[in-house]
Each structure stands twice: as structure tokens, then as C-alpha cells.
Amino acid sequence: DGASFDAVAFSQNGDLLATADAGGVIRLWDAADRAVAATLAEPRSHGFSTLAFGEGGTLLAAAGLNNEIYLWNVPDRRLIGTVRGGKNESAFLAFSPDGNTLAASFAGVNSLWDTADLKLVASFTAPSKDGLSLDTNVAFSPDGRLLVISVVDGDVYALNASGHEIGTVSAELTGQDVVSTAFVVGGLVAA
């Protein structure tokens with residue numbers, strides 16, 4: 001129908017597709033019949049930059065362009081709550097494999113939130129170069145024990161589940177941006 005979306009995410013089982021438009025409306029689509037199953041609207045948002053489903057598709061997080069993170073209970077179509085994200089309207093989101101923790105990265109400020117009560121568990125600020133810290137992605141390991149944050153300069157920071165830095169890996173991508181980080185069988189890929 002010519003619709004334009006600012007953010008999209010599939011649930012892990014592939015049953016639902018979430019889309020967000022510039023007006024701040026999130027639509028949940030039944031992937032099998034390509035029909036809108038529900039609409040989630042948040043009048044305080046000015047649109048969303050990122051969407052992420054939690055394990056089992058029961059939680060949906062959305063990074064708002066107003067620097068807030070919204071968390072919805074998908075089966076009930078209910079907004080659970082919001083947390084203040086950061087100073088930048090662009091964010092990256094990832095749920096831990098068990099869905100109990102939400103990682104959010106806003107321009108160098110990385111936060112871990114407990115999804116049960118939306119309390120801040122930990123915060124980590126990526127070191128900046130020339131006053132800029134531009135994160136490009138966050139990802140949990142399949143077992144949930146590690147969180148990695150990739151930064152445009154090519155560095156990848158590894159944190160434990162409590163949010164404490166345990167190491168830095170230089171991707172040695174001289175002159176290359178790191179645009180995504182993901183775990184694959186046998187290791188980590190930063191591309």
C-alpha cells in the first residue's frame with residue numbers, strides 16, 4: 001500500500017512483524033496472513049528508531065525519537081512503562097535470551113534494564129574518541145552471559161551480564177565502520 005516504516009522487527013518465532021511509522025504508531029502484523037493484528041500508539045512519542053522483541057514475542061521494546069524507551073506486553077497490547085533512554089534519538093536495543101533484561105544503547109550510554117520492573121540494572125559508557133561515541137549495535141550472547149557493544153571506530157566492548165566491562169576487542173577495521181554485531185555458532189561477528 002506504499003506505507004513507509006522507520007523501524008521493523010520480527011518476533012523470534014517469525015509469527016509477528018512489528019513496524020513503526022513516522023507518526024509514532026506501531027503495528028503488529030500476523031506474518032502468515034500479512035494482516036494487521038494490533039496497533040500500538042503512544043501519543044508522547046514522535047516516532048520510533050528501533051524495535052526489538054523479547055523471547056517468545058511477549059515483550060516489545062521501542063526506542064522513541066523523544067529519547068524514551070517504551071516496553072509493551074504484546075499478548076495484552078498494554079504499555080508496561082517507559083524509561084529515559086539517553087541524549088540521542090537513535091538507539092539500539094537487545095533483549096537477553098531469557099527476556100529478563102533489556103539492553104539499550106544511546107550514543108555511548110549503554111543501559112541494562114530489568115524488564116519486570118523497569119529498574120536500571122547497570123550502565124556503561126563507551127570511551128569516546130574526539131568527544132564522540134557512536135555505538136552501532138548491542139547483542140547478547142546466546143547464553144545471555146555476555147553483552148557486546150560495537151562502536152563505529154571498530155572497537156567491540158564485552159560486558160558481563162551485570163554490565164561490567166570484561167574486555168575490548170579491536171576489530172582492526174582501519175577506515176571501516178562497524179555497523180552490526182551478532183553472535184554466530186562458534187563466535188562473534190562484527191561487520
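**Exercise 1.** Which residues does Thr 19 touch, not counting residues up to four places away in sequence?

*Solution.* The model is predicted: local features need pLDDT of at least 70, side-chain atom pairs count only at pLDDT 80 or more, and totals for chains, interfaces and linings use all residues. Residues are numbered from 1 along each chain as its sequence is written, and side-chain values use heavy atoms, with hydrogens and water left out.

Step 1. Apply the contact criterion, heavy atoms within 4.5 Å. Thr 19 then touches Phe 5, Ala 7, Val 8, Val 25, Ile 26, Arg 27, Trp 29 and Leu 51.

Step 2. Look for a polar contact, a pair of N or O atoms within 3.5 Å, where within protein one must be able to donate a hydrogen and the other to accept it, and residues adjacent in sequence count only if both atoms are side-chain atoms. The side chains of Thr 19 and Trp 29 make one at 2.9 Å.

**Exercise 2.** Is Thr 19 buried or exposed?

*Solution.* Buried means under 20% relative accessible area, exposed over 50%, partly exposed in between (1.4 Å probe, protein chains only). Thr 19 has 2% relative accessibility, so it counts as buried. Of the 191 residues in the protein chain, 46% are buried.
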